Amino acid sequence: MDLINKFNDAFWSTHIWLPPNTTWADIAPGSRPDVVHANYKDLIWPIPFAAVVMLVRYTLERFWISPIGKSLGIRSSRPKKAANVPILETAYAKSTRLDNKWLAPLSKQTDMTERQIERWWRLRRAQDKPSTLVKFCEDTWRCIYYLYSFIFGVIVLWDKPWFWDVKSCWYGYPHQSITNDIWWYYMISMSFYWSLTGTQFFDVKRKDFWQMFIHHMVTLLLMSLSWVCNLHRVGSLVLVVHDCADIFLEAAKLTKYANYQKLCDAIFAIFTVVWIVSRLGFYPRIIYSSSVEAPRILPMFPAYYIFNSLLLMLLVLHVIWTYMILKIVVDSLQKGLMSGDIRSSDSEDLTDSSENARLANGSARSKNKSNSGAPGGGAAAVTQRKSANNANNHTNAAATTSK
């Protein structure tokens with residue numbers, strides 16, 4: 001117990017986290033009659049609030065978003081289930097990718113041909129993929145939240161001086177009052193990110209899974225430390241800057257799922273502009289203030305470097321994502337449509353598309369053989385092959401340009 005107390009005292013040393021000549025007692029709630037300091041105990045509230053957020057999400061997706069998606073004609077069906085072959089299921093549980101070395105042994109164990117095993121494997125992988133309706137529901141929920149959060153953030157910050165002048169984040173620090181609207185803005189935002197961190201393991205798995213996981217954890221860490229150290233002003237600015245572009249990203253994906261391609265292109269163009277302006281314009285302005293202007297106003301302390309490092313980590317992620325977005329824009333200009341999404345719905349889209357193409361072509365060849373004796377049978381088979389190839393070409397383009 002003594003060891004834990006010593007570690008706790010060393011970790012939360014005022015020499016690290018607070019400006020010189022400031023103690024935790026100086027910024028404790030009730031320490032000054034004219035200032036309402038943040039209470040570190042409030043950080044427990046976002047965890048139960050996250051459960052409420054997940055309940056709200058489930059209710060909206062089940063009773064409102066899903067019916068809307070179905071009314072738009074979005075597919076809710078999944079491929080038929082693969083036959084129950086315990087030996088293949090055991091091998092599939094080890095790896096979803098079929099190793100060619102497994103084919104011969106599995107063929108002997110199951111009395112199936114290698115081609116049958118390959119087809120079973122493709123069907124089994126397709127079975128695990130979520131339907132378009134599931135992805136539509138997830139993205140609609142995020143779009144709703146980001147829209148709410150951005151509007152609420154702007155309303156909360158509109159009358160705050162630091163919203164218009166970033167340098168005001170540092171005047172009077174660390175004795176800056178927490179207002180009720182800022183308290184709710186912080187708590188609800190942290191609740192959402194806690195819910196995302198938990199549900200990310202159950203939602204549609206995307207190629208940037210770990211990048212987003214790091215993003216959520218860094219965001220929560222930044223918000224928690226900024227709350228404890230009474231740096232809520234700069235924290236609230238970071239929040240509102242991050243929410244605005246995400247609205248258009250999620251909206252673009254929704255329109256793509258609903259097959260409104262032209263609307264999707266227009267929204268994606270707006271998203272690209274808003275993203276660059278907010279993530280590579282306003283956000284670096286905040287970092288400039290924390291890096292250059294803050295040292296001129298405040299005496300420096302070690303936690304300053306911790307905060308700036310975390311902010312810079314987010315900026316690095318922004319640069320990586322911006323590069324991927326611009327790749328999609330260039331590809332769109334060449335092809336004439338927004339053919340991808342910066343967040344792929346599956347990490348193996350390209351591989352699966354190639355496999356689906358082989359299945360489609362195989363099916364078309366089978367139909368061609370069966371219909372070759374009938375009038376018009378050959379033409380019908382050619383049409384089927386062309387349709388299958390066109391669909392898979394589009395899928396390959398989306399997978400190649402997606403993140």
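Analyst: Start with burial: a residue counts as buried when its relative accessible area is under 20%, and as exposed when that area is over 50%. The model here is predicted. In this model C137 has 7% relative accessibility, so C137 is classed as buried.

User: Is C229 buried or exposed?

Analyst: C229 is buried, because its relative accessibility is 0%.

User: How many disulfides are there?

Analyst: A disulfide requires two cysteine sulfur atoms within 2.5 Å of each other. Under that criterion the count is zero.

User: How is a pair of packed helices described?

Analyst: The description uses the angle between the two axes and the distance between them. Take helix α11 (residues 232-257) and helix α12 (residues 261-297): their axes cross at roughly 165° and come within 8 Å. An angle over 145 degrees counts as roughly antiparallel, so α11 is roughly antiparallel to α12. The contact of α11 with α12 comprises 21 nonpolar, four polar and three charged residues.

User: Which hand does the crossing of α11 and α12 have?

Analyst: The crossing of α11 and α12 is left-handed.

User: How does α12 pack with helix α13?

Analyst: Helix α13 covers residues 302-335, and its axis lies 10 Å from that of α12 at an angle of about 160°. Therefore α12 is roughly antiparallel to α13. Their contact contains 20 nonpolar, six polar and one charged residues. The α12 and α13 crossing is left-handed.

Note on methods:
Residues numbered from 1 in each chain as written. Predicted model: local features only at pLDDT ≥ 70, side-chain atom pairs only at ≥ 80, totals over all residues. Heavy atoms only, no water. Buried < 20%, exposed > 50% of the residue type's maximum accessible area, 1.4 Å probe, protein only. Axes fitted to C-alpha atoms, helices over the stretch in contact; angles between N-to-C directions. Helix = DSSP H or I, 4+ residues; strand = E, 2+ residues; numbered from the N terminus. Parallel < 35°, antiparallel > 145°, perpendicular 65-115°, else oblique. Left-handed = near helix turned anticlockwise from the far one by under 90°. Nonpolar A, V, L, I, M, F, W, Y, C, P; charged D, E, K, R; others polar.
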